[in-house]
Each structure stands twice: as C-alpha cells, then as structure tokens.
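Welcome, and please open your viewer. We will go from stop to stop, with something to select at each one.

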Amino acid sequence: MDSEKRRKRKRFARPLYCLYYSYPPLRYFSVRSLTLCLSFVAFLYLLSHRILIGPSAFRPVVVVPAFPLLSSFPSHPIRLYPRNILSSSPLKIEDRILFPDHVLLMVSNVDAWMKKGDELECVYYETKVNNQTNFSNFEETRRLKMRALSMDKYSEFQSIVRCPLPPANHDESVNLEIRGREIEILGSNQTFHSWEAVAYAATLDKNTAVVFVKGLNLRPDRESNPTHFTCHFGLRNWDREGSYILTTKAITAAQEVVRCSLPRRIRMNPSKAQGVRVTIGVTPHVHHRARDPVLMPSVAKIFNSEVEGRKKYELCVCTMVWNQASALQEWVTYHAWLGIERWFIYDNNSDDGIKEVIEELQLEDYNVSRDVWPWIKTQEAGFSHCALRSRDECNWVGFMDVDEFYYFPIPTRNQKSKNLGFPGQNSLKTLVANFSSTSIAEIRTACHSFGPSGLSSPPSHGVTVGYTCRLQSPERHKSIVRPEALDLTLLNVVHHFRLRKGFGYLNLPQSTAVINHYKYQVWETFRAKFFRRVATYVADWQENQNEGSRDRAPGLGTEAIEPPNWRLQFCEVWDTGLRDFVLANLANPTTGLLPWERNSL
C-alpha cells in the first residue's frame, strides 16, 4: 500500500519537461484549458487598451496619468471622464511651460472641439485645503477659473494656450475648460517645464534632425564639441515624457542648436518623424570618463511643412517681433516696392492685434506668413529655424527688424553703382540677383541709427518720413544670405551667419546702400523695449548689465523713465534722403497719401 502511494507521488512530481516529452501534448491542453488561456489573454488585451465592454451609456473611466506619484510638483492623479469623450479624440494638454509672465499649455485636438465663439478658461487648484493637500477627493478641491490670455495654432497637430500665472496658494498644474460647455479636457501629464531649460522645437533637414534647446549654456558665436550631446527620439503613438527608444549622435552643436543624424528607421521613411518627440542628451565627463547622458526636458516634436514643386522666390525676409503690429504696414509695403517677395514673421507672443494686420496684408496680395514662436529670448535660434524653413522657397533671405529700412542713395557717376541699377523699383531684388551665380553668399549693409528728430509723438506719415536726424557713424550691419550656403551649425549672431567653406561675404559701400535703423523713436514707442528683448545673448534693458554696450541706449540706465530732452537726443546729422525718396516714389500723386496711410483711414 505504501509503495503504491510512493509510486503515485513520484508520477505526479515529475518535472514539466518530462511531462512534455513523455505524453502527447493534446492530453494536457484540453479544450477547457485552451479556452481559459485564450480568455485570459483577451482580458489582458482589453485591459491594456482601456476598452469597455457593455452598452454605450455613460460610464466613468478611471485615467491614471503617466507621471511619478512622488513628483516634486503638486498634481491631481486621478480624474473621471465620460466614455463618450474618450471614444473620440479628446482635447489633451500635452505639455505645460512656465514663463516669467504666463503659463504656456500645448494642446492637441482643439479644432475638433472648439466652436465659433467658444472661450477657454484656465483652471487652477488650491494647493491646500484645511491646511493639508487634498488628493483623496478631487472634486472637492477648490478651483479658480480665469480667462485664457490667448490661443494660437502652433503646428498642424498642436495649438498653444497662454494662461495667467497661478495665483497665490494655487499649484502650477493648470488645466483648461470650455466656458459654458460640459466638456472635460484630458491632461495626461501634470508636470510643467521651465522655459529656461527645455528642448522646445525640432525640424528635419535632409538626413538630420535639428533640435532647438534652452539650458545647455553654450557660448555665443562659438561652435561647441558635439561629442557631448546625443539626440533621443520617441514614438509618435506612445507620447510620454521619457519614452525615448532611439538614440543618435550629435553632428554639430552651437548656441541653442544641436544637429543629429536620423535613426535609420526614420531616415528610410521621413514621414514617420512627423509628431515624434525628440530631446537632447548631455553626457557629463567626470575625471575624463563619460557617464550616462542626462536628458533635457522636452516639448519638441518634429513637424515639417514641406514645400514642393514651387518656383523659388529671389528675395525673402525673416524677422522676429513682439507687439510691432503698427510698424508692419509701412515696413512690408516699402520693401515690396524694393523687390522683396516673401515675408516670414516670427511672432514672439504679441498681443497687439498683429494677426489681424497680417491677414489684411495677405488680402492685399502680400505674401506674408505669421509663424507662432512662443519661445522668449531665442532670436538667434529663431533665425536659424527660419533659415532652414526658407531654404526651399528662397534664393536669398534678409534678416532684419521691422524698424530697419534699406535705402539706396541717389546714384553718382560711380560706374559700379550704375551697373547695379540703383535706385528704383525692385532695386534690392536686382542687387542680390547679381550675386546669385558667384561665391558671394552674404551681403552686409551698414546701419545708420536715427533718433526722435525733435518729435514728441509718433509721426503720422510713418517712420521713413517722420524721423530725419541720426547719429554720424553707422552702428553694426544687417545681412542678406543664401540659405543653401550656410554652415551646418546654423551659427549666427543675429547680424550675420557663418558660411560654408568656399563662400564669402560682401560689404556694400555706403554710397551704394545703407539701412536706416529707426532705433531711438519717440519715448512712447521706445519705452516698450524695456519689457523684453528677443535676442538670446543681449541683456534686457532693465537688467544692470553691459550698460555701455552699443545694444543699449547710451546713458539711459535700467528704468523706463523718460530722460530729459529725449526728443533732441541721438541727433548729429540731418538726413532727409529716404524721406524725399519715399514721397517722390510712393505717395499718391493726387492725394499725397502714402500706401500705409491709405490703409489706416
């Protein structure tokens, strides 16, 4: 009897591999066990995809956001959403970026939900309730709603919403609601980033990715060692912070621009890159040993607007502006007369109606585009971005501000000036076209800085007619470049770019052309410069740095207080050349009105 029991125990104690080889498989995989196994696999599949089984009536869905529970920022980890919202593409807050004067939200699927007349509200949550953080009952957490400052289309798939800074005792995890409508907005990531340390934009350039990033603290006007950096690519359909699966080495690095080779998967099919999040890895070197790269926070996704089969424009211009709507009509109209055919306006958080002004210019057949560029203190990087974008559309691109106007003095008997065909309509376009087949890839023009010219209020006829007194000597220069001849680093110092080997630049004689820079206008206009300057490596006016620099107004100081006799300053030479030229060539012979005056009536 005992021996029989021992035989049974030995039989049932055989290892699985013995059973597998000793008996036919069907004996151990019955219909019942196979059914149970398949049912369990199906259950796991449904669970992982959050698919609900049952009627289509309202049922709440628990959505657990993909961020650490021990995040250093306050957040609300659980929220309930009706199933009929999740069944389509919900509004989704993909990223939050904290700026000095607002919170920027990057949102997807806005067009699918917003109706005409809808207004977005920013929702803030109290940090504490009854002296302790309340995460146990999300719905009872006190909420404060404030109207969104603005909303803009950012890319083909994303919009941006600007919200006021959180009030006191409210956390930074700002959410959104549509006023008067029962719609919840999905916020999958409750963390936020600082504008000073984040990868903020990315684009493709042939077999490379160009990433724009703040926080690397690379020196201005210098190329850095690319071996310290890597690019990390995510997946388009699995967009989560830190979910980077492909890595490549950096090819170049300079200022805020890092260029990397593309992963083979993307290189073979560039369309797969659309919507992919990318960031920069920084490899620290300790005692000459490389450590694992530290990944920069990133809101950068690759979005390319391809231009194919279109004839190139001979001459385009790129600028970055903040609240310069009142200057655009005169600047665009005048330079169109000189031959500029295409304008790229990088709007750096304007709130003065610039969108409507650009739409009016478009209706008048001026080829002007408004590119939303919310990243502050990034003018050099923005110009690098524009150089890439314009390369397929333009043979030459000028980089200048909206208070700068090209001017061709009355020609003398100088034979060189006669050959260039100045002055006259399309004269600037004619100038650059003469160098398109040469090794000249950058044309530099000196700038004369004009003062208030005795005025106390903005000139009614425009800056070209109103300001006629300037400093004696020119300050700096501005450039027109051939984007195809730029160095891979895209390195620039606003005024000029680094060129590829084999190409050079030309300094135009002042007898041929100059730029009238209406830099020191009436105080009402000039004091706006104290808010913020767009250049990366130039101190803001209110900062106590480089007060003697040519980038600042001499003797002005750091406070927006009008100095005595401001209207008479910066006046050493009376120069009416451009005023006389404009009145003679652009004014209506019957009414005497200039084109930008007619549009303002």
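Begin by colouring by pLDDT, the predictor's confidence in each residue, from 0 to 100. For the protein chain the mean pLDDT is 79, with 71% of residues at 70 or more. Now select residues 45-87, where the pLDDT is below 50. Beyond near neighbours in sequence, this stretch has 71 contacts in the model, a contact being heavy atoms within 4.5 Å. Residues 412-422 also stay under 50 in pLDDT, and here the model has 14 contacts beyond four places in sequence.

Two notes before moving on. This is a predicted model, in which local features need pLDDT of at least 70 and side-chain atom pairs count only at pLDDT 80 or more, while totals for chains, interfaces and linings use all residues. Residues are numbered from 1 along each chain as its sequence is written, and side-chain values use heavy atoms, with hydrogens and water left out.

**The disulfides**

Next, show the cysteine side chains. How many disulfides does the structure hold? There are five, where a disulfide is a pair of cysteine sulfur atoms within 2.5 Å. Counting bonded cysteines along the chain, the pattern is 1-2, 3-4, 5-8, 6-7, 9-10.

Select cysteine 122 and cysteine 163, which are joined by a disulfide with an S to S distance of 2.0 Å. Because the torsion about their S-S bond is about -85°, this disulfide is left-handed. Cysteine 122 belongs to strand S5 (residues 120-125) and cysteine 163 to strand S8 (residues 158-163), so the pair ties together parts that are 41 residues apart in sequence. Helices (H or I, at least four residues) and strands (E, at least two) are DSSP runs, numbered from the N terminus. Are these cysteines buried or exposed? Cysteine 122 counts as buried at 0% relative accessibility, and cysteine 163 is buried with a relative accessible area of 0%. Buried means under 20% relative accessible area, exposed over 50%, and partly exposed in between (1.4 Å probe, protein chains only).

Move on to cysteine 316 and cysteine 394, whose sulfur atoms are 2.1 Å apart in a disulfide. This link is left-handed, with -95° about the S-S bond. Cysteine 316 sits in strand S22 (residues 313-321) and cysteine 394 in strand S25 (residues 394-399), so the pair ties together parts 78 residues apart in sequence. Cysteine 316 is buried at 0%, and cysteine 394 is buried at 1%.

Stay with strand S22 and select cysteine 318. A disulfide joins cysteine 318 to cysteine 386, S to S 2.5 Å.

**A stop at helix H14**

Finally, select helix H14 (residues 577-585) and pick out phenylalanine 581. At 13% relative accessibility, phenylalanine 581 counts as buried. Which residues does phenylalanine 581 touch, not counting those up to four places away in sequence? They are Tyr334, Trp337, Tyr407 and Pro423.
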